[in-house]
Amino acid sequence: MTKEESWKRLKVSVKHFPMVFCPLSPRFFVLPSESAIAEARLSDKFQNSLSPGLPPTSMELTSDGDDIPPGATLIAHFLHHLAGQMDLKMEIFTLGPLSQAIGKVLTDLSSLYDVGGRTKRSTGLLLIDRSLDLVTPCCHGDSLVDRMFSALPRRDRSIFAPQSADNGATNTVSSSSLRRRTTDFRIPLESIFKPGNSMNNGGHFSNEGLTAFLSGWKGSSGLLTSGAHDDKSRNILLEKGCSQLDPMYGSLASSGSCNDVHCLEALLERRTKDGTLLIKKWLQEALCQEKVSIRSRLGAVTASDLRSFINALASNPASVMRNRGIIQLAKAAEVALSEPWSTCWEAFASAERMLMLSAGDTSQSLSSQIQDLINRSVIWRTQNQGKGHEPPPGLLSIRDAIILSIVGYSLAGESFRSSGSGGPFSWEEEHSLKEAIVDAILECSPGINIDFLHGLEGALESHWQNLQSKNLNEVQPEKSCEVDDHSSIDFDDQWGSWEDEEAEGDREQEYGELQLKLELRDRMDNVFKVLHKVSDARRALPFRDRQSTLEEISDVTSYTNRGLISKILSMVFSKCDIPGLEYHSSAMGRLFKSGFGRFGLGQAKPRLGDQSLLFVFVVGGINALEVREAQEAQSSAGADGVELLLGSTTILTPNDMFELLLGSCSYI
């Protein structure tokens, strides 16, 4: 083949290019991770701040707008730019203090640059503060995509990302930005190319083909050295699969066709069981097109079922490339349904249901339930420490128990009034919770990963070693030893010195443990200050007293357990008034209201439910469960004629919420 003929056969296609937002489906997007807008702080450190990555519970705005956080200003400019690109004229509605600040900036921008706005399509923009509902992103709901987000590994932060001034402190944040985890979810695919898979053993993929395929997937000509194509290097590559290279990952965002984009959208709209059945159906259809037969059993889809389908579909390289979109989604579902992720998710969901039931009772019942979850996280580990036993599936850690405490405090803020301790529980109840967490940390095994314990690692490690040695001494039976003739040694003379040294060592150890416990109690005071703010944020919900009215509006039976976004949209589609919702009129609207309104030429206030296009943006993050609930609210209200677009600053998982409130991205 000549050079000219090779150029004629060259085919170039652009799959990705930089954008100001990252669409996960045609109706749902988030901001790109590690960008200036996604990592700009949303609140300053003051009394009403929850986290630099979450809106404050309250704020006072000045006329010059200098007190508006940089993240709010950047979001306002982004939304204004997006509306201009989509040729939209936005009617701005806000719910929450930071959303009101963003709405004010956005209104000013629209007034300055709104030329020819009458020809644009009218759109209802609803801005909602994440801090109004901290329960939903902390919970483990019935969503397969949320399970994927929590189970899949993520790409490490880029070395070019902005870093805080104090790189040594893990629990501090920069004054201008926060270091979120990236939202680049990695799907492990190296198992497809390991020995034992049909691709390698079925004769469809030669040694040279596998070597070239692995190099081409990674997209680097320098991935293999010049001598890597000899027999020895090739055999090593085949034996180790991708272990000789960098780990081989797929991505939820990469797709081979438009159908793959709609596949992810379909999964966002479904619960876990329905989503896994849908993936199984797609795999069976792909196998039928590839003329590959495989047995399938009836019933719920398991991780092993998906693994079998994936291995059969990856029988040759051409099949992998044709079906790479569904293979990646199926592999992500397999990871989410495998152990220990699946059992742990169910344990979380069960504990959250118990907390919600207790929240409908008394504060004492809810605090007792939280304390029981904390105690259960360490009982098994305390009883089996040093015995070499594997923990049972679904056993929650102390970190998991603290995440559940965040859920409990948020629920308590909605159900109970503030007590004298500053929180929803009495002083005695809260003191018991603090002591339970302190005791649980002291009883935990090494390797606990909690950022607010930074600086105590050495003392905790020493304490755990002493505790382990003490437990081993109690478990091991006393061994009888033969006593030799020591008549020449006078034990009476040395007994006093041995006793004094042992007593002094015991006193030093007791003093160190006392100091450690006092330091842990001080740390707990800071943790519970954050939990008080979490409770206050839920208590600030403007329509929490209208539960009976909301239940009459919705046809969904589990309405009380649904998130805030779903509840608000149910009211919007039913065209009900939403308490606390503020409308930001444009400059022309304010002119009609103040001037021409005297002559009967006033402009009627638009209603959010009358808009044919509804754009909901959650300031602070969103999860896949809320996307599904929003679409269910639209379907149950019969508002199929309304176009619904959802956006947010980032994707949130329960672990992300822990990092924002009590971890590396918090003010603790």
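Visitor: What does the side chain of Q634 reach?
Guide: In this predicted model, the Q634 side chain comes to 2.5 Å from the backbone oxygen of V642.

Visitor: Where is Q634 placed?
Guide: Q634 sits in helix α24, which spans residues 624–636.

Visitor: Is Q634 buried or exposed?
Guide: Q634 is buried, because its relative accessibility is 6%, and the cut-off for buried is under 20%.

Visitor: Which residues is Q634 in contact with, beyond four places in sequence?
Guide: Q634 is in contact with R27, F573, A639, D640, V642 and L644.

Visitor: Turning to the largest nonpolar core, which residues touch the most other members?
Guide: That core has 72 residues, and those touching the most other members are M148, L252, L267, I279, W282, L569 and L614. Helix α14, residues 324–337, gives the most to this core, with nine residues.

Visitor: What is L614 in contact with?
Guide: Setting aside neighbours within four places in sequence, L614 is in contact with G124, L569, V572, F573, L608, V642, E643, L644 and L645.

Visitor: What other core lies apart from the largest one?
Guide: Another core, of 60 residues, lies apart from it; F348, V378, F416 and I441 are among its members.

Visitor: Now T182: where does it lie?
Guide: T182 is in the loop between α6 (144–151) and β5 (186–188). T182 counts as buried, because its relative accessibility is 1%.

Visitor: Which backbone oxygen does the T182 side chain reach?
Guide: The T182 side chain reaches the backbone oxygen of R155, at 2.6 Å. Not counting residues up to four places away in sequence, T182 touches S33, E34, R154, R155, D156 and R157.

Methods:
Residues numbered from 1 in each chain as written. Predicted model: local features only at pLDDT ≥ 70, side-chain atom pairs only at ≥ 80, totals over all residues. Heavy atoms only, no water. Helix = DSSP H or I, 4+ residues; strand = E, 2+ residues; numbered from the N terminus. Buried < 20%, exposed > 50% of the residue type's maximum accessible area, 1.4 Å probe, protein only. Polar contact = N/O pair within 3.5 Å; in protein donor to acceptor, adjacent residues only side chain to side chain. Contact = heavy atoms within 4.5 Å. Core = buried A, V, L, I, M, F, W, Y, C linked by side-chain atoms within 4.5 Å.
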